[in-house]
Amino acid sequence: MADVHSKEVRSYNMSRIRSKNTKPEMLVRKFLFSKGFRYRIHVKNLPGKPDIVLPKYKTVIFIQGCFWHGHQGCKYYVIPKTRSEWWLNKIQTNSQNDLKSSYLLTQAGWKVLEIWECELRGNNLFSTLENLFLQLTKINSI
């Protein structure tokens, strides 16, 4: 199936997709800051460059896009009909990198939390953020 956009339009569209400071990341960061948590973002010397690092709690948070990280069973994870093989390979590589980063961080003593993009949509937003807050306060009390 041919793409519905020209090569230039498709290139422009893809260039507008950000990997940092995305809307879901900003939602979580604003929530954490409002609750008094202080954090660092995109720490380069940690495996996988976590989206949010809470050094005080020895916790990292990855905010995963459902499409880009292959959220199984999610309605937002749909393989494109064009270049399907390429996309599957890319998404599988991302998932493998996520597992490797999570393993390395856990081995280094970090607690790894993962939030999917779909968990921050609509009615799920409040419960997801509340659950995150509870997890972090539980970690702090240990």
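Mentor: Let's start with Arg83, which is exposed because its relative accessible area is 57%; exposed means over 50%, buried under 20%, and partly exposed in between, with a 1.4 Å probe and protein chains only. Keep in mind that this is a predicted model, where local features need pLDDT of at least 70, side-chain atom pairs count only at pLDDT 80 or more, and totals for chains, interfaces and linings use all residues. Residues are numbered from 1 along each chain as its sequence is written, and side-chain values use heavy atoms, with hydrogens and water left out.

Arg83 sits in the loop between β3 and α3; helices (H or I, at least four residues) and strands (E, at least two) are DSSP runs, numbered from the N terminus. The backbone of Arg83 deserves a look too: its phi is positive, about 55 degrees, although Arg83 is not a glycine. Most residues other than glycine have a negative phi. Lys49 also has a positive phi without being a glycine, at about 40 degrees. Lys49 belongs to the loop between β1 and β2, and it counts as partly exposed because its relative accessibility is 41%.

That loop leads us to Asp51, which is found between β1 (40–41) and β2 (52–54). Setting aside neighbours within four places in sequence, Asp51 is in contact with Glu25, Arg40, Ile41, His42, Ile61, Phe62 and Ile63, where contact means heavy atoms within 4.5 Å.

Two of those partners, Ile41 and His42, take us on to Arg29, whose contacts beyond four places in sequence are Asn21, Tyr39, Ile41, His42 and Ile52. Arg29 lies in helix α2, and it is buried because its relative accessible area is 10%. Arg29 and His69, 40 residues apart in sequence, are 20 Å apart in space, C-alpha to C-alpha.

The largest pocket holds about 840 Å³ of space. Here is how that is defined: on a 1 Å grid over the protein atoms alone, a pocket is an open set of points where a 1.4 Å probe fits, with protein on both sides within 12 Å along at least five of seven lines, and lining residues have an atom within 4 Å of a point. Grid points are joined across faces, edges and corners, and the volume is the space filled by probe spheres set on the points. The lining has 27 residues, and the closest to the centre of the pocket are Ser19, Ile63, Gln64, Trp68 and His69. Three elements each supply at least two lining residues: α2 (23–34), β3 (59–64) and α3 (84–107). Helix α3 gives the largest share, five residues.

Asn94 lies in α3. Leaving out residues up to four places away in sequence, Asn94 touches Trp68 and His69. Asn94 counts as buried because its relative accessibility is 16%.

Lys138 counts as exposed because its relative accessibility is 56%. The C-alpha atoms of Lys138 and Ile91 are 33 Å apart, and the two residues are separated by 47 residues along the chain.

Now place these residues in the whole. The protein has four helices and four strands, in the order α-α-β-β-β-α-β-α from the N terminus on. Its C-alpha trace spans about 55 × 35 × 25 Å along its principal axes. Of its 142 residues, 33% are buried. Among contacts between residues at least 6 apart in sequence, 51% join residues at least 24 apart. Lys and Arg count as positive and Asp and Glu as negative, with His and the chain ends not counted. On that basis there are 23 positive and 10 negative side chains, and the centres of the two sets lie 7 Å apart, with each charge placed at NZ of Lys, CZ of Arg, CG of Asp or CD of Glu.
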